Amino acid sequence: MKTFRLFATLLVIALCAGFTSCSDDDEDENPLVGVWSYTWGGGNKEIVTFKSDGKGTWESYDVYDDESNTESFSYTFDGSTKLVLDWGDDDPETYTVEISDNSLKLIEEGGHTETFTKQ
């Protein structure tokens, strides 16, 4: 009987350790990571890609001039509301961020807001 209790106790400890060692991978996931688009002015489009390594691209498509431009950046995000885009010059841009469902609002310091949709 003592052997059974010892075995049962060890089994319970092992199961508890197994459950507590598992973590939720979504906790550390950056909600910005992915491709986001914003359409304005009759079809002009901005496409922003945030990668998990803190880098990204910003693509602009101008339907009137039939031109496109892509710029690379690095970014820092506090996981909540503050996003800083560094274009490699001495003037990084700071945004307030609002994320809900598939919507990303980038609010500039002056108040201008662009709402992107996750692709």
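This is a predicted model: local features need pLDDT of at least 70, side-chain atom pairs count only at pLDDT 80 or more; totals for chains, interfaces and linings use all residues.
The part I would set aside is residues 23–27, where pLDDT stays under 50 and where the model shows zero contacts beyond four places in sequence.

Let me turn to E46, which sits in strand β2, covering residues 44–50. What is the nearest side chain of opposite charge to E46? That is K45, and it lies 11 Å away, so by the 4 Å cut-off for a salt bridge this pair does not qualify; E46 is buried and yet has no salt bridge. What the side chain of E46 does have is polar contacts: one with the side chain of W58, at 2.5 Å, and another with the side chain of S60, at 2.8 Å.

Is T57 buried or exposed? Its relative accessible area is 17%, and because the cut-off for buried is under 20%, T57 counts as buried. Leaving aside its neighbours within four places in sequence, T57 is in contact with I47, V48 and T49, and also with T70, E71, S72 and F73.

Strand β5, residues 82–86, and strand β6, residues 93–100, run antiparallel and are joined by four bridges, with L83 standing opposite Y95 in β6. These two strands form a hairpin with six residues between them, and in that turn G88 has a positive phi of about 95°.

How many bridges join β6 to β7? There are six, and β7, which covers residues 103–108, again runs antiparallel to β6. Here I99 stands opposite L104 in β7. This pair of strands also makes a hairpin, in this case with two residues between them, and D101 in the turn has a positive phi of about 50°. Strand β6 is therefore paired on both counts, by the rule that at least two bridges are needed, with four bridges to β5 and six to β7.

Conventions: Residues are numbered from 1 along each chain as its sequence is written. Side-chain values use heavy atoms; hydrogens and water are left out. Buried means under 20% relative accessible area, exposed over 50%, partly exposed in between (1.4 Å probe, protein chains only). Lys and Arg count as positive and Asp and Glu as negative; His and the chain ends are not counted. A polar contact is a pair of N or O atoms within 3.5 Å; within protein, one must be able to donate a hydrogen and the other to accept it, and residues adjacent in sequence count only if both atoms are side-chain atoms. pLDDT is the predictor's confidence in each residue, from 0 to 100. Contact means heavy atoms within 4.5 Å.
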